[in-house]
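Reader: I am new to this structure. Please take me through one part of it closely, then show me how the rest connects.

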Amino acid sequence: MVVLFIKGRLDAVTAGELEAKFTELIQGGNESILVSMEELEYISSAGLRVVLLVAKKLHASGRKFEFAALSGNVKDVFDISGFYSLFKIHDTLEQALSA
Amino acid sequence: MAESFQLERVSWPARLESLPLVQEYVETLAQRSGIHGKRLIQLSVALEEVVVNIINHAYDQTGRGDILVGFDDQAETVVISLVDRGLAFNPLEATEPNVEMGLLDRPIGGLGIMMVKKFMDKVRYERHGNENILYLTLNKNV
């Protein structure tokens with residue numbers, strides 16, 4: 001399992017950078033990916049787009065894609081978009097790692 | 001409502017580099033009008049969704065144009081107007097995405113306008129002359 005920590009703003013300006021990082025992870029290995037969002041303070045639909053793209057790719061290769069420690073705006077946006085029923089989302093990073 | 005067209009508007013080129021500038025401009029004024037915390041972040045997301053929509057779609061034909069932004073501080077609300085001079089297009093009429101759809105069937109886009117509607121207290125579209133105007137309203141005392 002690879003843990004990716006993302007922080008700051010995930011918006012239309014930064015989404016491309018994250019997509020490139022994920023592509024690197026997907027091509028460079030065969031592990032599942034856990035994304036820690038504890039320090040992510042902002043996400044827009046540009047960020048959700050990257051999450052969905054990556055999820056589809058990982059699903060196709062049978063790898064897990066999980067999230068941990070969402071708060072504030074990120075939690076609201078995931079909730080509104082129905083992502084809680086699409087993904088395994090852990091309250092804390094500790095819980096995710098011991099699961 | 002007619003007087004709102006007289007308000008001062010600030011304009012930026014419809015390019016991604018303008019996004020942080022539009023957000024900073026509107027958020028500074030919104031803070032002064034008493035919008036804080038979570039509501040300010042929700043406003044930021046709504047601004048991004050509308051601005052990115054304009055960048056991606058409004059000026060398909062000509063390739064370039066401006067985004068005009070107005071800010072109206074009223075007694076109990078703030079009203080932000082986001083304007084483009086592209087072909088007439090009402091983003092509020094776009095089909096609502098089905099957020100209960102499973103991963104494999106899920107389209108990649110369509111969530112942006114839904115967030116604008118959820119996060120703002122009121123959203124209204126008007127075509128006025130050659131302008132598409134989207135009014136985002138936030139209540140001050142929430």
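Author: In chain A, A:V35 sits opposite A:F67, a residue of β5(A). This is a predicted model. The two strands involved are β3 (residues 33-36) and β5 (residues 65-68) of chain A. They run parallel, and four bridges join them.

That pair belongs to an open sheet of four strands in chain A. The order is β1-β3-β5-β6, and the pairing is parallel. At the edges stand β1 (2-5) and β6 (88-90) of chain A. Each has a single partner strand, so one side of each is left without a neighbour in the sheet. On average, neighbouring strands here are turned by 25 degrees against each other, direction ignored.

Now a helix of chain A. A:E19 lies in α1 (residues 15-28) of chain A. Is A:E19 buried, exposed or partly exposed? A:E19 counts as partly exposed, because it has 17 C-beta neighbours inside 10 Å, and a buried residue needs 20 or more. Leaving aside neighbours within four places in sequence, A:E19 is in contact with A:V50 and A:L53. From A:E19 to A:I89 is 70 residues in sequence. In space, their C-alpha atoms are 20 Å apart.

Next, the strands of chain B. Strand β1 (residues 9-13) of chain B runs antiparallel to β2 (residues 66-73) of chain B. Five bridges join them. One pairing is B:V10 with B:V69 in β2(B). On to the next pair: β2(B) also pairs with β3 (residues 77-84) of chain B, again in the antiparallel sense, over six bridges. Here B:D73 has B:V78 of β3(B) as its bridge partner. Three residues lie between β2(B) and β3(B), and the two strands form a hairpin.

B:A30 is buried, because 22 other C-beta atoms lie within 10 Å. B:N90 is 60 residues from B:A30 along the chain, and their C-alpha atoms are separated by 25 Å.

Then comes helix α2 (residues 37-58) of chain B. It has 22 residues. From first C-alpha to last it reaches 31 Å, close to the 32 Å expected at 1.5 Å a residue. α2(B) is mostly covered, with 16 of its 22 residues buried.

Where do nonpolar residues gather? In soluble globular proteins, nonpolar side chains tend to be buried together. The largest nonpolar core in this model has 58 residues. A:M37, B:A46, B:V50, B:V51 and B:L82 have the most contacts inside it. α2(B) gives this core its largest share, eleven residues. Take B:V50: beyond its neighbours within four places in sequence, B:V50 is in contact with B:L82, B:V116 and B:L134.

Last, the contact between the chains. It takes 21 residues from chain B and 22 residues from chain A. On the side of chain B that touches chain A, α1 (19-32), α2 and α3 (112-119) of chain B each supply at least two residues. The largest share of that side, eight residues, comes from α2(B). By class, that side has eleven nonpolar, four polar and six charged residues.

Definitions and conventions:
Residues numbered from 1 in each chain as written. Chains lettered and ligands numbered in written order. Predicted model: local features only at pLDDT ≥ 70, side-chain atom pairs only at ≥ 80, totals over all residues. Expected span 1.5 Å × (residues − 1). Buried ≥ 20, exposed ≤ 12 C-beta atoms within 10 Å, placed from the backbone. Core = buried A, V, L, I, M, F, W, Y, C linked by C-beta atoms within 7 Å. Contact = placed C-beta atoms within 7 Å. Pairing = 2+ DSSP bridges. Axes fitted to C-alpha atoms, helices over the stretch in contact; angles between N-to-C directions. Nonpolar A, V, L, I, M, F, W, Y, C, P; charged D, E, K, R; others polar.
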